[in-house]
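Biologist: I would like to learn how to read a ligand site in a model. Please take me through it.

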Amino acid sequence: MRLDKFICKSTELSLTDAVALIENRRLVVNGIVAIEAFCQVHKNSVVTLDGETLIPRNSRYFLLHKPTDMICSNIDEKYPSVLNLLDVDRLSELHIAGRLDADTTGLVLVTDDGHWSFNLTSPKNRCQKVYKVLLSRPISSDATQRFLEGVLLQGETKLTLPATLDIIDPYNVLLTLTEGRFHQVKRMFATIGNRVKSLHRQQICDLELDVEVGHWRSLTPAEVEGLSVNDQ
Ligand code: URA
C-alpha cells in the first residue's frame, strides 16, 4: 500500500494532510525518513509519525445488492453511486471490486483493501461469476456450444474464455463467466443475435447474494479468506 494511504488508514488525517506530513519529513519507514507519498509499505513495515508507531485499522469488506439506476463508481454521475447505500464511515476510502452496469442488479463487493480486490478481479484468478439473464428472444440451440468454445466480441481479437450456459427456459438462462470484459454478457449475447433485457449477478466465486435489493452486509472473515487469492 502507498504510504499516504497507509497514513489515512492509521489516523483520521486526509490524503492531503498525509502528503504534507511526508513532504515535511515527519514519517519514518523501517528507520528511514520517507520522502515520497507513493513509497510502498507492507504489513510488516514499521511506520512512525513524529516517533509514534502507526497501526492501520483493519480492512473492511462488504457485500451489497445493487439495484438498477445506481452506478458502480465512487462519485455520483447521472445516477447515484452504490456507495450511498452503505451507512459506514470513511466512504471515500472504499472502492468497488468488479463493476456492474447501471441497469444491472445483483452482487457487488466493496472494500478498502486494494490488494485483495486486485487479486480477486484479476483475469488470472478465473473466479466464476454467475449471471441470471432475461433474453428478448428464445435462446438458440447452438448457444451453449458457442459460449463453451468462446465467441469473438465486436472490436476484439481474442475469443472469450469458455463460459457455461444453463437454460432455465427459452428466455431465462444462467451464464457463468471466469473473466470480466467490458459489458461482456450483453456483448456475448449480441454475437449470437440475441439481446439482454435484464441482467442480475447472483454469485461471485462461492459467495451467493443473500441480502435484499438495496441492502448490504459485512463479509465474514471466512468469506474474505475464501475470496483471497494466493498471489505468492
Ligand atoms: N456484463 C454486462 O454486460 N454487464 C454487466 O453489468 C456485467 C457483466
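Biologist: How far is an oxygen atom of the ligand from an N or O atom in the side chain of Thr 104?

Modeller: A polar contact is a pair of N or O atoms within 3.5 Å. Here the distance from the ligand oxygen to the Thr 104 side-chain atom is 2.9 Å. This is a predicted model, where local features need pLDDT of at least 70, side-chain atom pairs count only at pLDDT 80 or more, and totals for chains, interfaces and linings use all residues. Residues are numbered from 1 along each chain as its sequence is written, and side-chain values use heavy atoms, with hydrogens and water left out.

Biologist: Which backbone atoms lie by the ligand?

Modeller: A polar backbone atom of His 183 is 3.2 Å from a ligand oxygen. For Gln 184, a backbone N or O atom is 3.5 Å from a ligand nitrogen. On its own the ligand has 240 Å² of accessible area (Shrake-Rupley method, 1.4 Å probe), and the protein covers 95% of that.

Biologist: Which residues surround the ligand?

Modeller: A residue counts if one of its heavy atoms lies within 4 Å. The residues around the ligand are Leu 100, Asp 101, Thr 104, Tyr 131, His 183, Gln 184, Val 185, Lys 186 and Leu 199.

Biologist: Why does the ligand lie between domain 2 and domain 3?

Modeller: Domain bounds come from an automatic or database domain assignment. The ligand lies between domain 2 (61–123 + 214–226) and domain 3 (128–204) because both give residues to its shell. The centres of domain 1 and domain 3, taken over C-alpha atoms, are 46 Å apart.

Conventions. A polar contact is a pair of N or O atoms within 3.5 Å; within protein, one must be able to donate a hydrogen and the other to accept it, and residues adjacent in sequence count only if both atoms are side-chain atoms.
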